[in-house]
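Please look over the sequence and the model below before reading on.

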Amino acid sequence: MFACAGRSRKTLWLITDLRQRYGEWAVICGASGAIAKAYAAELARHGVCVILISSDVNNVADTVRSITDTYGVETILIEADFCQGPSACKALKDAMLVGATLVTRLVLPTMVERGKGAVVNISNGRCFRPAIGRVALSASTAFLNNFSRALHYEYGHRGIFVQSLLPFRVASQAPEDYATAGWFVPSPQVYASHALSTLGISHRTTGYWPHTIQFRLVQCLPEWVWMLGTRVLTRAT
């Protein structure tokens, strides 16, 4: 999830004006993921300071140093395991800066008060289809997508832009996988650049137009054909 809130009430549509439109700070939850790291770097490239939240800070430490050295923005790393429940929120509240937002439940009141803010949740392009052998993942991505859509209808008229990103496969940052990056499987950096360009424009998008082609194809498939295909792929792996 990405969330940011700012003081300014101006409406600016250029991506170079992210700070003025949404605020000076962005919060990245689940910051150890490849897309999350690339998204944080892309925000920093536009001058947005970032707070990265992860249960594995060692995995994110290099990203923090790279963002700080490359873009010169303030970068904060917070260790928090949300499996611990409410106790994980204390560290987040203690790290709150002026205009910074952390998680949707904590930040929406501030966003509403200021009439400005954005929440981006990264779901999955297959979220509306069941997945054999990945039941929990299938259910959680569907929840995240619908949660985002509901937030949009509930808070959109209050100046909060809520976006649900539905990516398909993105190459990881591992050398053996990064080499497979291509048109339909972009690198995290390419995906993040494309996805960020849709912020403020699309409330529900794959964030990357070749993935939109895949999304439409999956939508057209009857569910029984989809399930047959997933069964075959499951057996093959």
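## Basis of the model

The model is predicted, so that local features need pLDDT of at least 70 and side-chain atom pairs count only at pLDDT 80 or more, while totals for chains, interfaces and linings use all residues. Residues are numbered from 1 along each chain as its sequence is written, and side-chain values use heavy atoms, with hydrogens and water left out.

Strand β3 covers residues 49–54; helices (H or I, at least four residues) and strands (E, at least two) are DSSP runs, numbered from the N terminus. Six of its six residues are buried, so β3 is largely enclosed by the rest of the structure, where buried means under 20% relative accessible area, exposed over 50% and partly exposed in between, for a 1.4 Å probe and protein chains only. Cys49, Ile51 and Ile53 point one way from β3, and Val50, Leu52 and Ser54 the other way.

Strand β2 (residues 25–29) pairs with β3 in the parallel sense over five bridges, pairing being called when DSSP finds at least two bridges between two strands, and Val27 stands opposite Ile51. Five bridges also join β3 to the parallel strand β4 (residues 75–79), with Ile53 opposite Ile78.

## Salt bridges

The whole structure holds four salt bridges, each a side-chain nitrogen of Lys or Arg within 4 Å of a carboxyl oxygen of Asp or Glu. Among them, Arg45 and Glu42 have their closest N and O atoms 2.6 Å apart, and both lie in helix α2, three residues apart. Glu42 is buried at 10% relative accessibility, whereas Arg45 is partly exposed at 45%.
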